Amino acid sequence: MEYAILNMIEIMSSRWLHCFDNAPRRTLVEGETLFRRDDRVAWAFLVRKGRIFLRRALQDGGLLTLHTANAGDLVAEASLFADRYHCDAVTDLSTTVLFLPRDELMTHLEDAASSNHLSIRAFERTARDL
């Protein structure tokens with residue numbers, strides 16, 4: 001399923017990446033957390049430099065890495081359709097992210113979807129199936 005989401009984002013990339021052109025940026029230091037599981041989803045993050053690991057704690061005390069967002073990737077794009085994050089986002093090196101209010105990015109995605117004859121709702125359904 002993740003491939004389907006990334007494929008949808010990639011198809012629309014030329015239409016939505018520009019919305020981050022003037023976005024504020026935040027630099028995280030090694031080991032810093034961008035957000036934690038159960039935090040309210042209010043922002044969309046784009047990795048500018050570095051990487052973010054999406055991790056979930058396991059019952060045995062281990063950590064499961066669900067995804068690694070690298071430069072040019074949205075962080076936890078499926079969370080755009082959730083109220084709260086389902087994992088932690090942490091970096092292991094200096095990482096810069098750009099951020100926008102989630103609703104602003106969704107408006108850009110909706111506009112890009114309609115002009116490309118793609119439906120953001122299809123993207124949303126795929127994200128919810130994860």
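Three helices and eight strands make up the secondary structure of this protein chain. Welcome to the structure, which is a predicted model.

**The chain as a whole**
- Of the 130 residues in the protein chain, 40% are buried.
- The chain exposes about 7,400 Å², and carbon and sulfur atoms supply 48% of that area.
- Take the contacts between residues at least 6 apart in sequence: 77% of them join residues at least 24 apart.

**The four-stranded sheet**
- Four strands form an open sheet in the order S1-S8-S3-S6, and their pairing is antiparallel.
- At the edges sit strand S1 (25–28) and strand S6 (74–75), each of which pairs on one side only.
- In general, the strands of a sheet pair through backbone hydrogen bonds, either parallel or antiparallel.
- Strand S3 (residues 43–49) and strand S8 (residues 95–101) run antiparallel and are joined by six bridges.
- To find one such spot, look at lysine 49, whose bridge partner in S8 is threonine 96.

**A closer look at valine 90**
- You will find valine 90 in strand S7, which covers residues 88–90.
- Valine 90 has a relative accessible area of 15%, so it counts as buried, the cut-off being under 20%.
- Beyond its neighbours within four places in sequence, valine 90 is in contact with Gly31, Glu32, Thr33, Arg51, Ile52, Phe53 and Arg55.
- Valine 29 is 61 residues apart from valine 90 along the chain, and their C-alpha atoms are separated by 9.7 Å.

Note on methods
Residues numbered from 1 in each chain as written. Predicted model: local features only at pLDDT ≥ 70, side-chain atom pairs only at ≥ 80, totals over all residues. Heavy atoms only, no water. Pairing = 2+ DSSP bridges. Helix = DSSP H or I, 4+ residues; strand = E, 2+ residues; numbered from the N terminus. Buried < 20%, exposed > 50% of the residue type's maximum accessible area, 1.4 Å probe, protein only. Contact = heavy atoms within 4.5 Å. Areas by Shrake-Rupley, 256 points an atom, 1.4 Å probe, with all protein chains shown as cover.
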